[in-house]
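Please look at the sequence and the three-dimensional structure below, and keep both in view while reading the report that follows.

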2 protein chains.
Amino acid sequence: MGFSIGISPNIRKSPFFDACVADGVAGFSVYNHMFIPTNFGDPDAEYDRLINTVAMWDVGAQRQVEVSGPDAAALVQYLCTRDLSRAVVGQGYYVPICRHDGVLINDPVLLKVADDRFWLSIADSDIGLWASAIAAERGWDAQVEEPDVSPLAVQGPRAEDVVAQLIGEWVRDLRYFGFRETTLDDIPLLVARSGWSKQGGFELYLRDSRYGDELWQRVKQAGAALGIGPGAPNDIERIESGLLSYGADGRLQVNPVNPFEVGLGKFVDLGSDIDFVGKSALQNVQSAGIKRRICGYFVAGDPPQANQQALPVFRGDEQVGLISEVTYSPRLQKGIALGFVSTEIENDSGGLSITPDDGARSVVPAALPFI
Amino acid sequence: MGFSIGISPNIRKSPFFDACVADGVAGFSVYNHMFIPTNFGDPDAEYDRLINTVAMWDVGAQRQVEVSGPDAAALVQYLCTRDLSRAVVGQGYYVPICRHDGVLINDPVLLKVADDRFWLSIADSDIGLWASAIAAERGWDAQVEEPDVSPLAVQGPRAEDVVAQLIGEWVRDLRYFGFRETTLDDIPLLVARSGWSKQGGFELYLRDSRYGDELWQRVKQAGAALGIGPGAPNDIERIESGLLSYGADGRLQVNPVNPFEVGLGKFVDLGSDIDFVGKSALQNVQSAGIKRRICGYFVAGDPPQANQQALPVFRGDEQVGLISEVTYSPRLQKGIALGFVSTEIENDSGGLSITPDDGARSVVPAALPFI
């Protein structure tokens, strides 16, 4: 069962779109109202490059919400649940963003670009709209806009070698989430040690979309000797690594989660005297305690098909969990999944099952990450 | 050049998804984080049904933002640029929604479901998030949530006959945008005379997603004798009819527009004493006057290919307009388009051109609608 997606003007192209087409992109999804490649037609090779050598991904759809102006720092702090009082320029921070009722609505990396300028490098929801409403209603002197900035991710164990060759040896000294603005000849960039995998790597934030094709070619050339090839954020690897996917593991409209349920409690600074959106609601959540927690699952039986939508987890007739995404791990040679389970159920507990289209299977909750 | 879209758990299925698959859906896009069918593989037949008989569309992705509670009416009025002081239960209203700076961020139909309960039936942006921020920051006693409500559109000259047969003869008395809550056996519905075409028709707002397949089958049966078939919101017809597409004709992040530029000035009630988001910015826009206006274009030459992204319109070296979407009109047997042109240029003016991938063409601004 295959479906097509048309390239139509109501959805935006990334600056790397044409280069991806030339390099054989086979599938797209839509993320932040932009086309995002999902695969280049060879899933085994794409996984292999990410795990063993180096992959390049068009993640231009990871848009930036830029907050700037005299009240930018105050606004950003109010939008994020994490204490940012010691945030420094040149460092990124993983930050939960919650609605006033404590529901997680995004989990961006915050880049402090300057003392009065920040980027929220967002997952798939219109945080810019939301943030602009808060800024305006509070009367703060801060602009909330989307700059012309589109990341290209270089991921995998050889990513550092590729980016060092392309940009300079100094990139090896960047800490995790550390970044620096630079140029590659005429191409304006911000280079960060980051990316949505646990295989190591960098994101090259392209700061002028006219150079999309040129940057893509330069990365491709720099990585050619190391076997670089195109790919996309990889669901298998992210499940193995226990990376959260806002959208798959929780979304306001489908499966609302709070940060404590998805393991982000350490980034919710309720103890400090800072105020932020959702603080009182999250204090109540913390007091009451959570009823489910994010977890891995081992999935018994033959290699499972990827699920199209979340799967309930049952113990007998009782639903005790939910699986966001199931996959087959080539490295573990097992079916694995990422999802939620009742806090009353411990890892390694038996007696749980799912009933996907390809047949009932037993599942066993497991610690994350798998690898 | 064809691309696939995978059905993955980070994007939601509509309640009509399985029925559409069974009926041969061939393509999807993503709208409000939900899969929306784009075609069933036979564009000529799909257009023909819409124009000459009757079509049924899964528009479940047209989500509802429900605003309820004691301050619901006040909040909805504050969110919308249109004076709603005389709005009545049972009637829908086309309402621009703007950001505080006057940029259009959605153009829903507002349904006043009860005195203290409203639905904004939204285009593709996270208005619920934005509205919840405003409600909370103002401390208003109103809830902003997404109910389990998914529209199925029945459109075309015979739509009324189909819906009357299925629901009852009373639907013939509904005014444009008029609606009534009802049931079809056990299926809870809200039936409205509305839909994103100018061929007439209804939207059946399904109020319990468990009945998605049943409702689809009932509509299909009711329309069988009249030749009903599946389809999707139709870009050709919408261009012929001059219907605005938030997303294609303007989007906050790509081509920000204000309501006056897109012909919605009549729904911006600056003269009243009501307050709404963006009012002062829109007063400034009105005072300064707009520099471009929405318009049709006749497109010379052979039937044009559908464009993937907006096309600049030139007069010599000067950009004087922008085409959102170009198509071939089977009824006019001409290339036509929808877009913008400088207010200094009148309809029927010569000397304008575009340069799409299939070759330069002259274009002539024209009044909307074409038909």
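Where in chain A is the place of P369(A)? The answer is the segment after β22 (361-366) of chain A, and it should be kept in mind throughout that the model described here is a predicted one.

**Backbone details**

The peptide bond that joins L368(A) and P369(A) is cis, with an omega of about -5°. In chain B a cis peptide bond is found from L368(B) to P369(B), where omega is near -5°, and P369(B) has its place in the segment after β22 (361-366) of chain B. Another backbone detail belongs to N32(A), a residue that is not a glycine and yet has a positive phi of about 50°. N32(A) sits in the loop that lies between β2 (27-31) and β3 (34-39) of chain A.

**How the two chains are related**

In general, two copies of a chain are related by a rotation about an axis together with a shift along that axis.

**Salt bridges**

Over all chains, the count of salt bridges comes to 48. One of these is formed by the side chains of R138(B) and E137(A), with a distance of 2.6 Å from N to O. This pair crosses between chains, since it runs from R138(B) in helix α4 of chain B to E137(A) in helix α4 (residues 127-138) of chain A.

**Helix packing**

| Helix pair | Angle | Distance between axes |
|---|---|---|
| α3 (residues 72-79) of chain A and α4(A) | about 120° | 11 Å |
| α3 (residues 72-79) and α4 (residues 127-138) of chain B | about 120° | 11 Å |
| α5 (residues 159-167) and α6 (residues 212-223) of chain B | about 115° | 9 Å |

In chain A, the helices α3(A) and α4(A) pack at an angle of about 120°, and they are therefore oblique to each other. Their crossing, that of α3(A) and α4(A), is right-handed. On the side of α3(A), the residues L75(A), Y78(A) and L79(A) take part in the contact, and they meet W130(A), A131(A), I134(A), A135(A) and R138(A) in α4(A). Sorted by class, the residues of this contact of α3(A) with α4(A) are 7 nonpolar, no polar and 1 charged.

In chain B, the helices α3 and α4 pack with their axes 11 Å apart and at an angle of about 120°, which makes α3(B) oblique to α4(B). The crossing in which α3(B) passes α4(B) is right-handed.

By class, the contact of α5(B) with α6(B) divides into 4 nonpolar, 2 polar and 1 charged residues.

Notes:
Residues numbered from 1 in each chain as written. Chains lettered and ligands numbered in written order. Predicted model: local features only at pLDDT ≥ 70, side-chain atom pairs only at ≥ 80, totals over all residues. Heavy atoms only, no water. Axes fitted to C-alpha atoms, helices over the stretch in contact; angles between N-to-C directions. Helix = DSSP H or I, 4+ residues; strand = E, 2+ residues; numbered from the N terminus. Parallel < 35°, antiparallel > 145°, perpendicular 65-115°, else oblique. Left-handed = near helix turned anticlockwise from the far one by under 90°. Salt bridge = Lys/Arg side-chain N within 4 Å of Asp/Glu carboxyl O. Nonpolar A, V, L, I, M, F, W, Y, C, P; charged D, E, K, R; others polar. Contact = heavy atoms within 4.5 Å.
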